[in-house]
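Please open the structure in your viewer and keep the selection panel at hand.

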2 protein chains.
Amino acid sequence: MFLAKIYVTYKPSILDPKGETVKDALQRMEYTGIEDVVMGKYFEIKLSSSDATSAAKEVESFSEKLLINVNMEVFRYEIEAITE
Amino acid sequence: MFLAKIYVTYKPSILDPKGETVKDALQRMEYTGIEDVVMGKYFEIKLSSSDATSAAKEVESFSEKLLINVNMEVFRYEIEAITE
């Protein structure tokens with residue numbers, strides 16, 4: 001069994017309105033040292049793949065097909081073997 | 001300058017409807033080996049803190065006050081020093 005951790009963020013050229021809103025809110029609170037905020041999505045997906053290579057292939061395939069908007073977003077991922 | 005990566009997920013006892021929806025969609029596509037899907041939020045926040053300890057304190061403070069719903073969600077984070 002494998003656990004994939006997938007991180008989805010906007011491309012740098014795309015405006016991130018949620019991140020900007022969080023940044024403004026933090027700066028209005030007592031947090032003065034906030035330089036930049038990016039807000040994205042995070043997935044933890046358990047796969048019953050036979051090996052890490054096929055797990056990585058599945059993750060790349062379904063991330064592009066379902067999890068992200070390829071025009072606006074990018075993703076990166078990590079895969080680790082788990083026991084249960 | 002420090003970069004905090006913050007991961008927010010529902011507590012295990014809380015229903016994760018978005019994760020369930022993604023899981024169902026993946027299983028209806030050709031991905032048969034999907035065992036479980038958790039969907040959460042992901043933040044990358046740049047802080048101009050003087051050291052990693054004060055950056056960690058800030059992150060813990062504003063995560064609980066603004067980023068998460070402490071009744072339903074948990075967070076974990078990593079902090080790394082960055083140059084720009």
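Begin by selecting E44(B), which is partly exposed, with a relative accessible area of 21%. The model on the screen is a predicted one.

**First stop: a pair across two chains**

Salt bridges with shared partners join R76(A), E78(A) and E44(B) into one network.

**Second stop: E44(A) and R76(B)**

Next, select E44(A) and R76(B). These two form a salt bridge in which the closest N and O atoms are 3.9 Å apart. E44(A) lies in strand β2 of chain A, while R76(B) lies in strand β3 (residues 73-81) of chain B, so here too the pair joins two chains. The relative accessibility of R76(B) is 33%, which means that R76(B) counts as partly exposed.

Select K41(B) and E73(B), whose side chains meet in a salt bridge (3.6 Å, N to O). The pair links distant parts of the chain: K41(B) is in strand β2 of chain B, E73(B) is in strand β3 of chain B, and they are 32 residues apart. Is E73(B) buried or exposed? Residues under 20% relative accessible area count as buried. At 12% relative accessibility, E73(B) is therefore buried. K41(B), by contrast, has a relative accessible area of 25% and is partly exposed. Over all chains, the count of salt bridges comes to nine.

Select residues 17-28 of chain B, which make up helix α1. At 1.5 Å a residue, these 12 residues should span 16 Å, and the end C-alpha atoms are 17 Å apart, which agrees. Within α1(B), colour G19(B), V22(B), K23(B), A25(B) and L26(B), which are buried. They cover an arc of only 165° around the axis, so they lie on the same side of α1(B). Then colour T21(B) and R28(B), which are exposed on the other side of α1(B).

What covers the buried residues of α1(B)? Show β2 (34-47) and α2 (52-67) of chain A, together with β2 (34-47) of chain B; the cover includes these elements.

**Fifth stop: the two chains together**

Display chains A and B as a whole. A rotation of 180°, with 0.0 Å of shift along its axis, superposes chain A on chain B with an RMSD of 0.0 Å. This is the relation of a two-fold axis. Which residue of chain A comes closest to the rotation axis? Select K41(A), whose C-alpha is 2.3 Å from the axis. Of the interface residues of chain A, 100% are also interface residues in chain B, so the copies meet through the same surface.

**Last stop: M1(B)**

Finally, select M1(B), in the segment before β1 (2-10) of chain B. M1(B) is partly exposed, at a relative accessible area of 33%. M1(B) and I82(B) are 81 residues apart in sequence, yet 5.6 Å apart in space from C-alpha to C-alpha.

Technical notes. Residues are numbered from 1 along each chain as its sequence is written. Chains are lettered from A and ligands numbered from 1 in the order in which they are written. This is a predicted model: local features need pLDDT of at least 70, side-chain atom pairs count only at pLDDT 80 or more; totals for chains, interfaces and linings use all residues. Side-chain values use heavy atoms; hydrogens and water are left out. Helices (H or I, at least four residues) and strands (E, at least two) are DSSP runs, numbered from the N terminus. The expected span of a helix is 1.5 Å times one less than its number of residues. Buried means under 20% relative accessible area, exposed over 50%, partly exposed in between (1.4 Å probe, protein chains only). The arc is that of the directions from the helix axis to the C-beta atoms. Contact means heavy atoms within 4.5 Å. A salt bridge is a side-chain nitrogen of Lys or Arg within 4 Å of a carboxyl oxygen of Asp or Glu. Copies are superposed by least squares on the C-alpha atoms of residues with pLDDT of at least 70 in both.
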